[in-house]
Amino acid sequence: MHKEDQPLIFELSTEGRIGYSLPEMDIPEIDLGELLPEGYLREEEPELPEVSELDIMRHYTALSKRNHGVDSGFYPLGSCTMKYNPKINENVARFNGFAHLHPLQDESSVQGALELMYDLQEHLIEITGMDEVTLQPAAGAHGEWTGLMMIRSYHEANGDTKRTKVVVPDSAHGTNPASATVAGFETVTVKSDENGLVDLEDLRRVVGEDTAALMLTNPNTLGLFEENILEMAEIVHGAGGKLYYDGANLNAVLSKARPGDMGFDVVHLNLHKTFTGPHGGGGPGSGPVGVKADLIPFLPKPVLVKNGDQYEFDYDRPQSIGRVKPYYGNFGINVRAYTYIRTMGPDGLKAVTENAVLNANYMMRRLAPFFDLPFDRHCKHEFVLSGKRQKKLGVRTLDIAKRLLDFGYHPPTIYFPLNVEECIMIEPTETESKETLDAFVDAMIQIAKEAEENPEIVQEAPHTTVIGRLDETMAARKPVLRYQKQ
Ligand SMILES: *Cc1c(COP(=O)(O)O)cnc(C)c1O
């Protein structure tokens, strides 16, 4: 069968075929009509495929083989840390004592889960250098918004209502300006200088008494450490603004430097990146937010507290921004992050940073003779190349990314950050072996040679995938559904 001909699960359906039999009902049947308001009950049975267990397993196994994930190959996605997901995390998250809890259980009956959450908060406080942490936010962007809402409430509580602007560098992750806008602020962009760092002159120009906060990623999205961070903190604090740290990819500084010590007031982390939670495909994430003492009153409620040897939720928080997520946040992801931190230990977490930085610098130096290196200095966990040289040969960065698919690699992030022409942004992460890094570099070098000798093979890539080159905007905006009920 040609690979394209994989039928839809609905096309495999045969009336009356059964894949799974539910046990006999052994509790009284409930009349849903009495529970749900009128108009919410469906009138017709849902249209579901009818297939055997074997059919359904084969169908999804076949589809899964077309997917690219961390468990199937190298995934050097800059700015979005895709590292391996330790399998012990999965085992622990599946413990009955965690997985079978009900979110509405009485606090006294879930003390173990609350203890884990509390301990995780304590670890994250230590790792970030902040004074308190909330585990409620469900992802990085959600954490950004939560942090900004706290900053907003803080300024309002001080009667400081003219702080309507959030300053964001031009190299910031796209979620930063988006979160600022959703939190009701106006975004002001600050430029990067020729070294790829925030331009201090420009920062002084845009920061003032209308500044609510500066949102910063450090190392920035070029993988460069903001060397003037203490001076930047002085400028922003001096004007009465707060400092927000985007800690989505903390593996560049973990156990080496702490946002709290750099002067930051708020930080969010992506447990589904740095702390090895699986992510991608819209799966659950976790974006805890840490704050310094003066923002603690505004934390989302309820706040998890320890009272003697009991763990409880404190709802008596009159200045709280309120609840940002039902129940316990994405508890399963928090269990995974906790397991990771405990299995690594302090020395292990230090090695994370050292290996992440070493791997990135190693790859950058091996690739530098073949591509343009816009910032020729040590990088942290990631680095950017420019495909300018290849573009002159008629091969664009997009073509290089597509050609990598033929070598079995997920392409790196491209055309971001926007201030680098034909940008290719690579993050190897700490979890890859030297052999894997070398094999990827070899593929990149081969592509650079192809661009010179045989550009069509790159321009027309990919050649080996199930589907060739897509119109990406169309694919994202209008995923075509083939199945049409006759
Ligand atoms: C991934 C990422 C985010 C957003 O996190 P989500 O969990 O996808 O919402 C924010 N900032 C940076 C630097 C990131 O890499």
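Mentor: A polar contact is a pair of N or O atoms within 3.5 Å. The model is predicted, and the distances below are computed from it. An oxygen atom of the ligand lies 2.8 Å from a polar backbone atom of Gly 140. Side chains take part too: a polar side-chain atom of Lys 273 is 2.7 Å from an oxygen atom of the ligand, and for an N or O atom in the side chain of Asn 249 the distance to a ligand oxygen is 3.0 Å. Of the 380 Å² of accessible area that the ligand has on its own, the protein covers 86%.

The shell around the ligand holds 14 residues, the closest being Ser 79, Gly 140, Asp 246, His 272 and Lys 273. By class, 7 of the shell residues are polar, 4 nonpolar and 3 charged. Helix α6, residues 140-157, gives the largest share of this shell, 3 residues.

Now the cavities. There are 5 of 30 Å³ or more.

The largest cavity has a volume of about 140 Å³. It is lined by 17 residues, with Gln 121, Thr 134, Gln 136, Pro 302 and Leu 304 nearest its centre. Two or more lining residues come from each of α5 (111-128), β1 (132-134) and β8 (303-307); β1 gives the largest share, 3 residues. In this lining, 11 residues are nonpolar, 4 polar and 2 charged.

Note on methods. Residues numbered from 1 in each chain as written. Predicted model: local features only at pLDDT ≥ 70, side-chain atom pairs only at ≥ 80, totals over all residues. Heavy atoms only, no water. Near = heavy atom within 4 Å. Polar contact = N/O pair within 3.5 Å; in protein donor to acceptor, adjacent residues only side chain to side chain. Areas by Shrake-Rupley, 256 points an atom, 1.4 Å probe, with all protein chains shown as cover. Helix = DSSP H or I, 4+ residues; strand = E, 2+ residues; numbered from the N terminus. Nonpolar A, V, L, I, M, F, W, Y, C, P; charged D, E, K, R; others polar. 1 Å grid on protein atoms, 1.4 Å probe; cavity = no way out; pocket = protein on both sides within 12 Å on 5 of 7 lines; lining within 4 Å. Points joined across faces, edges and corners; volume = space filled by probe spheres on them.
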